[in-house]
Amino acid sequence: MSMTSFFTLHSDLPREGPGEDADVFWAASLAGLGNDARICDAACGPGADINAQLTAAPQGQVLAFDRHAPFVDVARSHFKNDPRVTLELGQLVRTEADGLPDPVDLGPFDMIWCAGAMYFTGIEPTLTHWKNALKPGGVIAFSEPVFFTETPAEIVRALYGEYGAMTDAAGIRSQIERAGYEVLDTKPVSDDAWEAYYTPMDARIAALRPDADPALREVLDEGTEEARVWREYRDQVGYLLCVVRPK
């Protein structure tokens, strides 16, 4: 896949994965967040969840980061006049390769929110590392791709086959527990949250397709197929939203 073409598709989307404000409010309620909570939005994309985080903690602070600078720039443009929000370049787990900070460098936090990005670094190692980024009693809320059946259709397995850690809800829970966390609760990300991602993508694909070169056309086709497979097989695959706390 051409990453240039990938970011051409994604550059004007309101969010980089399924989600809705209700997800943030649900997690904040489970966490018992105070009005002055300090929240980290890890891999924030263009900042789609920041307004909900500010609503959940109106006297608090949101430190949001992403490793893709154009996403950070978009989020900064939305929140440049809000002193409660800080936008940074950062990554989920710091490596020596680029030296960008991670939540341990930027914390501590009452809640770390990570929507659909932890699969880049793995549930168990990421949760283990992030213990040092939490205040006492702090929580991590994250969403993760999941199979809802033991026998997903072959097309579903093919679409998610590149993600070797793909598992079911029990598999996700076991990784959480091995990292030394308790599960406060889990729930599937709703259909409305998925459509909040795919409906704008559909429109973006339609706008780009007439002038697309072969590399971009390939990315547009992949986006169309991804949305089609989810809509047809949503009972078999989705995201699981988890709220967890160190034991």
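A salt bridge is a side-chain nitrogen of Lys or Arg within 4 Å of a carboxyl oxygen of Asp or Glu. The model on display is predicted: local features need pLDDT of at least 70, side-chain atom pairs count only at pLDDT 80 or more, and totals for chains, interfaces and linings use all residues. Residues are numbered from 1 along each chain as its sequence is written, and side-chain values use heavy atoms, with hydrogens and water left out.

**Stop 1: aspartate 66**

Select aspartate 66, which belongs to strand S2. Strands (E, at least two residues) and helices (H or I, at least four) are DSSP runs, numbered from the N terminus. Aspartate 66 is buried but has no salt bridge; buried means under 20% relative accessible area, exposed over 50%, and partly exposed in between (1.4 Å probe, protein chains only). The nearest side chain of opposite charge is that of arginine 67, 6.9 Å away; Lys and Arg count as positive and Asp and Glu as negative, while His and the chain ends are not counted.

Which backbone nitrogen does the side chain of aspartate 66 reach at 2.9 Å? It is that of glycine 45. Next, display histidine 68, whose backbone nitrogen lies 2.9 Å from a polar atom of the aspartate 66 side chain.

**Stop 2: strands S2 and S3**

Show residues 61–66 (S2) and 85–89 (S3), two parallel strands joined by five bridges. Strands pair if DSSP finds at least two bridges between them. Phenylalanine 65 has glutamate 88 as its bridge partner in S3. From S2 the chain passes through helix H4 (residues 69–79) to S3 in a right-handed β-α-β crossover: with the strands pointing away from the viewer, the path from the first strand over the helix to the second runs clockwise.

**Stop 3: salt bridges**

The structure holds 15 salt bridges. Select aspartate 82 and arginine 84, whose side chains form one of them (2.8 Å, N to O). Aspartate 82 is buried at 16% relative accessibility, whereas arginine 84 is partly exposed at 25%.

Move on to arginine 234 and aspartate 191, which meet in a salt bridge at 3.1 Å, N to O. Arginine 234 lies in the loop between helix H10 (214–232) and strand S7 (237–246), and aspartate 191 in helix H9 (residues 191–208), so the pair ties together parts 43 residues apart in sequence. Finally, select Glu195, Asp202 and Arg231, which are linked in a network of salt bridges.

Terms used:
A polar contact is a pair of N or O atoms within 3.5 Å; within protein, one must be able to donate a hydrogen and the other to accept it, and residues adjacent in sequence count only if both atoms are side-chain atoms.
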